[in-house]
Amino acid sequence: MVFNSLFFFLTLLPLLAVYFSFRDSRSRRAKLLLLVYSYVFYGMWNPAFLSLLIGSSVLDYWVARGLDAWPSRKRLLLVTSLVIEFGLLGFFKYYNFFVGATASVFHLAGFAWDPPLLKILLPIGISFYTFHCVSYTVDVYRGRIRAERSFLDVALFVAFFPQLVAGPILRAGHFLPQLHERPAIRWSDIGDGLMLVLFGLFLKVVVADNIAERVNDLFAHWRTIGVAATWSAAMLFGVQIYMDFNGYSLIAIGLGQILGYHIPINFDAPYGAAGFSDFWRRWHISLSTWLRDYLYIPLGGNRRGDGRTYLNLIITMLLGGLWHGASVMFVIWGAMHGAYLCAERFVRERLRLGASLPQPIASAALIAFTYLTVSVTWIPFRAANTEQGLAMMKRMFVGGGTLDARLADYAIALAVFACHCFSRRYDFIAHAQRSAAVRVASVTVILLLLYFYAGERAEFIYFQF
Amino acid sequence: MRSILIGTLVSLAAIGAVERLFRATGGMPSVVPGMTRVEYQWKMKRTHDRNRLVYVVGDSRVGWGFAERVFNDAWAERHHAHDAPGINAGVPASAIASNIDYLVDLRADTTPETLVVNYSPVGFYYFLNFPDTPVAGLKIQDALDDRLDTFLAERLWTRGRPVDVVDHFREYIRNGSVPAVVNWVHRVDFADGFVNATLGTNTGAPVDAAAYELAFFDRFVSGVRSNPTTAVRRRDVLAAAVRRAITRGWRVVLVRFPVGARMRQLEAQLPADLLPDAFAHDLDLQFTDYNRDRRTAELQTQDESHLTPDAARALAPILADDLSAIVR
């Protein structure tokens with residue numbers, strides 16, 4: 001199921017009614033209810049792939065138990081788990097990509113090879129729940145958490161429906177302990193959760209889905225649009241994907257809060273970032289911290305000298321790009337971010353800028369520079385193919401094309417940029433939320449916009465990953 | 001929580017006020033008089049792994065007039081089999097050429113099937129807008145959501161229509177009224193596998209459905225008679241779609257569902273090369289005109305163009321008889 005649908009909310013109401021009828025929200029029955037609903041939520045897309053989800057849960061439950069029971073075979077168990085988890089992810093997501101790439105290499109070397117490409121349907125959310133599972137087994141392996149004795153808890157951690165198909169990526173160490181608490185769910189928590197759901201729906205249904213039409217149009221006419229329009233395409237897509245993904249994340253966090261679970265934030269005004277490392281502290285936080293903790297640091301992080309640090313950054317971002325999808329364009333996107341991070345590190349160290357920001361004008365310039373350079377990377381992220389991606393990036397700097405940009409496109413992008421910059425200093429949303437009048441006005445306006453001005457229903461962009 | 005409740009009540013009151021004003025000033029709902037794009041694509045997608053199918057394609061004349069379930073019951077009776085080959089692939093105001101292309105693409109890597117193409121001049125030579133590009137990642141929830149949207153469209157006239165609503169009130173404020181409009185106001189789903197709809201007006205006056213349909217077809221026929229270029233071009237597009245299907249191994253049959261006497265007279269005024277006999281002859285298709293068939297002489301239309309539900313049910317066994325002779 002998806003959040004931006006009436007059907008979902010029609011099924012959610014009876015779920016909540018039954019859920020709140022339990023005296024203890026962490027009782028076995030309550031957890032079982034959430035697990036069954038989560039499986040229905042997932043199975044509505046393709047019931048066959050439920051077996052993968054359940055299989056991953058079973059595998060990692062037993063591997064974690066094994067890690068506790070047989071410390072001498074820890075490494076073997078972990079490797080087994082990782083091979084299976086990443087093997088499934090690799091097969092479903094990357095098989096055709098790598099086989100095709102290998103065939104291209106053979107072709108260049110003069111060998112004709114017709115690769116056995118398969119018609120593979122990508123199980124929705126597989127990238128997300130694979131990362132959930134891996135975080136669990138690795139954390140148990142590292143001794144950061146104990147293996148969970150209840151399969152129900154592990155299965156619910158993997159399949160918890162608010163974040164199942166598009167995150168935020170949960171950590172076992174954050175979520176599993178919550179299953180043992182007995183929180184008192186207060187009306188104010190439910191109210192705050194509802195506000196987040198409403199904001200999320202607003203960002204997705206009203207903003208992202210309405211912008212999508214213009215973005216699709218700009219990218220469809222990529223051969224003819226001019227410099228200004230290409231920049232606006234990049235920035236508008238930046239707005240769309242932020243609204244789309246943050247919308248999903250807010251709904252997930254809100255639903256979690258209503259059910260009495262804490263899900264960490266995934267975005268923190270990313271377009272107000274001063275520098276690329278700051279950007280990655282604010283954009284898709286659950287992925288960037290996952291990559292940091294389970295890839296960048298195990299690779300050596302910044303502890304093995306400059307050269308190795310740069311290499312680690314590049315590897316981490318390349319794999320981060322590839323995580324989004326099996327496409328050269330995602331690899332380019334990751335490589336660009338890796339290069340940005342390396343360049344930033346190089347400049348900061350050479351100029352001894354440290355982590356502190358210089359004076360306001362320099363800071364503003366850095367924020368604007370970060371915003372523009374990040375916007376460039378949205379072109380390969382959104383491009384349908386390599387030719388389009390490279391041509392549009394070239395267009396941004398070299399020129400060409402005839403169709404001009406619309407002022408409204410820039411106005412939308414700049415408004416979002418300004419909001420993000422402003423929120424660096426002043427959390428006006430939190431401030432506004434403290435005022436009852438503002439809350440009433442927000443709810444009223446959002447509901448009216450959802451009723452009258454919903455864009456054409458579209459999938460969440462991150463579902464494809 | 002209190003502020004959320006107040007905000008919800010305020011917005012509901014505002015929506016209620018707009019709805020009431022919209023209706024009071026001559027607004028009309030936006031009801032799709034048949035299968036929607038999502039409904040159609042979902043239904044066709046579910047046929048993908050079946051075989052020995054008979055897709056009956058056309059515009060609303062098929063959508064409203066092919067009683068799929070009755071056809072399948074009759075088919076099962078005749079063949080002592082349980083397979084249900086008939087698929088109502090008729091969509092109101094659809095371009096039949098794009099409908100055929102969609103089905104041929106959908107089954108590109110499976111067995112070719114039988115295509116029963118119903119002749120309707122507007123579906124052949126006028127409509128352009130369906131079934132559009134395939135909806136990406138279509139899943140059962142989309143179909144259920146679409147059902148909900150269809151249900152709500154008859155009850156909440158202003159939902160999701162900001163431009164229509166603003167234009168409507170602008171027109172009303174400027175002129176003190178809006179023009180009289182005839183539009184679809186109610187859709188009925190029949191368990192026998194077809195859909196139809198009811199026309200209504202924003203003045204409260206009763207609608208003469210036959211006069212409405214005849215006027216629409218009259219405009220179309222007059223337009224084609226004065227300048228047949230576009231219709232001829234679209235006939236070529238349709239012919240290309242049919243040839244493509246045949247090349248892919250599909251068996252194609254042309255039929256013409258019964259229409260009223262006045263509609264027959266009107267359609268007969270089209271240039272000869274746009275009539276079904278010429279089309280069938282050019283493409284070497286088997287053609288059955290149920291307007292010349294004694295078995296269907298008594299079947300009634302509800303508006304000269306579409307069969308009544310009873311007539312649709314009565315036609316289905318006749319189709320099953322005729323098609324089973326061809327398909328089996």
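1. Helix H1 of chain B covers residues 2-24, 23 residues in total. From first C-alpha to last, H1(B) reaches 33 Å, close to the 33 Å expected at 1.5 Å a residue. The model is predicted.

2. Several residues of H1(B) are buried: Ser3(B), Ile4(B), Gly7(B), Ser11(B) and Phe22(B). Their packing partners come from both chains. Chain A gives helix H8 (187-220) and helix H18 (436-452), and chain B gives helix H8 (162-175). Just after H1(B), Gly26(B) has a positive phi of about 90°.

3. Chain B also holds an open sheet of five strands. The order is E2-E1-E3-E6-E7, with parallel pairing. Strand E2 (86-90) and strand E7 (286-289) of chain B are the edges, each pairing on one side only. From one strand to the next, the twist averages 20°.

4. Look at one pair in that sheet. Strand E6 (residues 251-256) of chain B joins E7(B) over four bridges, in the parallel sense. Leu254(B) stands opposite Phe287(B) of E7(B).

5. The largest nonpolar core has 129 residues. Phe157(A), Ala159(A), Phe202(A), Ala233(A), Leu236(A) and Val239(A) touch the most other members. Helix H9 (residues 227-259) of chain A supplies the largest share, 20 residues. Domain 1 (6-182) and domain 2 (188-274 + 357-464) of chain A each contribute at least three residues to this core.

6. Val239(A) touches Ile211(A), Ile412(A), Ala413(A) and Val416(A), leaving aside residues up to four places away in sequence.

How values were computed:
Residues numbered from 1 in each chain as written. Chains lettered and ligands numbered in written order. Predicted model: local features only at pLDDT ≥ 70, side-chain atom pairs only at ≥ 80, totals over all residues. Helix = DSSP H or I, 4+ residues; strand = E, 2+ residues; numbered from the N terminus. Expected span 1.5 Å × (residues − 1). Buried ≥ 20, exposed ≤ 12 C-beta atoms within 10 Å, placed from the backbone. Contact = placed C-beta atoms within 7 Å. Pairing = 2+ DSSP bridges. Axes fitted to C-alpha atoms, helices over the stretch in contact; angles between N-to-C directions. Core = buried A, V, L, I, M, F, W, Y, C linked by C-beta atoms within 7 Å. Domains from an automatic or database assignment.
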